[in-house]
Each structure stands twice: as C-alpha cells, then as structure tokens.
Amino acid sequence: MNRVSVDTAAPAVKKFLRDLPAAPNGVELELAGQVIGRFLPASELSNVETTALLKRGRELVQRARQRNRGVAARVLEREVQKAVDEVRRQRRT
Amino acid sequence: MITAILDTNVVVQSVISTSRAAAARTLDAYFEGRFHLRYCPAMVDEWLDVLLLPSMRTRHGMTDNELQEFVASLLVGGLPFPGETKMSALLTRDLTDTKFLSVAAESKANYLVTNDHRHLLRLKRFQRTAIVTPARFLQALAKNDG
C-alpha cells in the first residue's frame, strides 16, 4: 500500500482525516456519486506497524514522565483538571 | 479482551504523571496490550486540545509531531466509533461528558475509566459499561489477567 504524509497539510485537512475513520470497518470516500477510496482505521495496520507505533508512543510517554519527577501527584492532578476544565469551558460557549 | 474508554483526564494525567500513578499504570497496561481502547473523533480532539495547552506542553515537552505520534499510538490499539448517539446532558450534568456515554452505548465497552467524580463516577454504570477510577480499573485488569 502506498503512503502519503499529511504532516504539512492544513490543520483543516488533518482534522478532516482524523475524523474520518469513525467506523470500525472504515469509511468509503465518495465524490460526485463515485466511491474513490476507502479509509481504514489505524487498527487495520500490520503487526509490524502497530508494534512500532506502540513502541514510539511508550517512549514519548516515558520521556514526558521524566520531566515531572519530583512533582507531587496532587499538583499534577490539579493542573490536568484545570486544563480539561478550560478546554470544556471553551467548547460549551 | 477487556475494552475500555479513557476519559481525557486519565489520558492527560497518564502522560505527565510518575509511573506509579494509577492513570500512568493504566496507559502502561494499554501499551502492554492488556486491553483495547474504544474512542470517537470528539474524544481525540479533546485529548489533543488539552495536550496542546501551554500549561500541559510545559509538562510533557512534546512537539506537535510527537503529539500526533502519541495520539496515533492510542488509535492503533483501539476501535473508532461515531460517538454521535444522542444522550441527555441531564445524565452527566455536563454536556461535554455525553460523548463518553455515546461511545459506551455504541461500543458496549466493558469500562469507562475516569477521574471525574462530579459527573461520571457517580453514575457507576451506563448500560453495559462500568464507570470506574483508574485504580479500580487496574484491579479489574489484574483479576482478568489472573
């Protein structure tokens, strides 16, 4: 399967693509009444790709956690709650 | 395989907390393949919106591309659902929480893992989905593993 990077695409394009695979079996893209392609969810990737993505995610998280060593758990919990509340407040308005 | 929906507060806390925190151990369990995620686009948008806030950026230190990689690592071990099933905001007392119940209804996930005591945890269960804290979820995983 060919791969096309959308790293440099406009934010609206990235959001469109991220919102597409909202169905376990994938989504067909239709243009002028013709199906022009099928968008599969990430869960349909090969084992090698899946393992690589999971490994990378874990590395990133371990690095992020290292930055906060010594910070009290309660402080981090408070900050996270404040951040979540801020985003949800914006969504309600 | 156990299936679970993770509230945004659990996802974000799991990234920036020390490895001993229950939220962090929950994410580690996901990376170890001990459960499958269920999610919807609105949840993914919210994870990113919170992780992109300056206060959270300072904590996790990831670039935009690294954040995308992190989110991709969450999507790869899960199944997407529309999250569009109509839910009354009266259920959760907060309109922004209804997406989690929509995915619970659509996916029939075993657990919704959250730290939201104000709205979600007080429900205890929604249809087939138990609503639990990360600590309680880890207990359920351990029981399932054993």
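Mentor: Let us begin with a single residue. B:Val50 touches A:Ala83, A:Val84, A:Val87, B:Thr8, B:Val12 and B:Met56, leaving aside residues up to four places away in sequence. Please keep in mind that this is a predicted model.

Trainee: To which core does B:Val50 belong, and which residues have the most contacts inside it?

Mentor: As a general idea, nonpolar side chains in soluble globular proteins tend to be buried together. Here, the largest nonpolar core has 54 residues. Those with the most contacts inside this core are B:Val50, B:Ala4, B:Ile5, B:Val12, B:Val103, B:Leu112 and B:Val113.

Trainee: Which strands pair with β1 of chain B, and in what sense?

Mentor: Strand β1 (residues 2–6) of chain B pairs with β2(B) in the parallel sense over 3 bridges, and B:Ala4 stands opposite B:Leu37 in β2(B). Another 3 bridges join β1(B) to β4(B), and these two strands also run parallel. There, B:Ile5 stands opposite B:Leu112 in β4(B). Further along, strand β2 (residues 35–39) of chain B is joined to β3(B) by 3 bridges, again running parallel. B:Tyr39 has B:Pro80 in β3(B) as its bridge partner.

Trainee: How many residues does each chain bring to the contact between chains A and B?

Mentor: The size of an interface is often given as the accessible area lost when the parts come together. For this contact we may count residues: 43 come from chain B and 37 from chain A. On the side of chain B that touches chain A, the elements giving two or more residues are α1 (8–16), α2 (22–31), α3 (41–51), α4 (54–60), α5 (64–75) and β3 of chain B. Of these, α5(B) gives the most, with 8 residues. By class, that side of chain B has 24 nonpolar, 14 polar and 5 charged residues.

Trainee: Which residues of helix α2 of chain A are buried, and why are they said to line one face?

Mentor: Helix α2 (residues 47–67) of chain A has 21 residues and reaches 31 Å from its first C-alpha to its last, close to the 30 Å expected. Its buried residues are A:Leu53, A:Gly57, A:Leu60, A:Val61, A:Ala64 and A:Arg65. Seen down the axis of α2(A), they fall within an arc of 135°, so they line one face of the helix. The face turned away from the buried side carries the exposed residues A:Asn47, A:Val48, A:Lys55 and A:Gln66. What covers the buried residues of α2(A) includes α1, α2, α4 and α5 of chain B.

Trainee: Where is B:Lys108 placed, and what is its phi?

Mentor: Most residues other than glycine have a negative phi. B:Lys108, however, has a positive phi, near 55°, and its place is in the loop between α7 (98–107) and β4 (111–113) of chain B. With 13 C-beta neighbours inside 10 Å, B:Lys108 counts as partly exposed. B:Lys124 also has a positive phi, near 65°, and is placed in the loop between β4 and β5 of chain B.

Trainee: Is B:Lys124 buried or exposed?

Mentor: B:Lys124 counts as exposed, because it has 9 C-beta neighbours inside 10 Å.

How values were computed:
Residues are numbered from 1 along each chain as its sequence is written. Chains are lettered from A and ligands numbered from 1 in the order in which they are written. This is a predicted model: local features need pLDDT of at least 70, side-chain atom pairs count only at pLDDT 80 or more; totals for chains, interfaces and linings use all residues. Two strands pair if DSSP finds at least two bridges between them. Helices (H or I, at least four residues) and strands (E, at least two) are DSSP runs, numbered from the N terminus. Two residues are in contact if their C-beta atoms, placed from the backbone, lie within 7 Å. Ala, Val, Leu, Ile, Met, Phe, Trp, Tyr, Cys and Pro count as nonpolar, Asp, Glu, Lys and Arg as charged, and the others, Gly among them, as polar. The expected span of a helix is 1.5 Å times one less than its number of residues. A residue is buried if 20 or more other C-beta atoms lie within 10 Å of its own, exposed if 12 or fewer, and partly exposed in between; C-beta atoms are placed from the backbone. The arc is that of the directions from the helix axis to the C-beta atoms. A nonpolar core is a set of buried Ala, Val, Leu, Ile, Met, Phe, Trp, Tyr and Cys residues joined through C-beta atoms within 7 Å.
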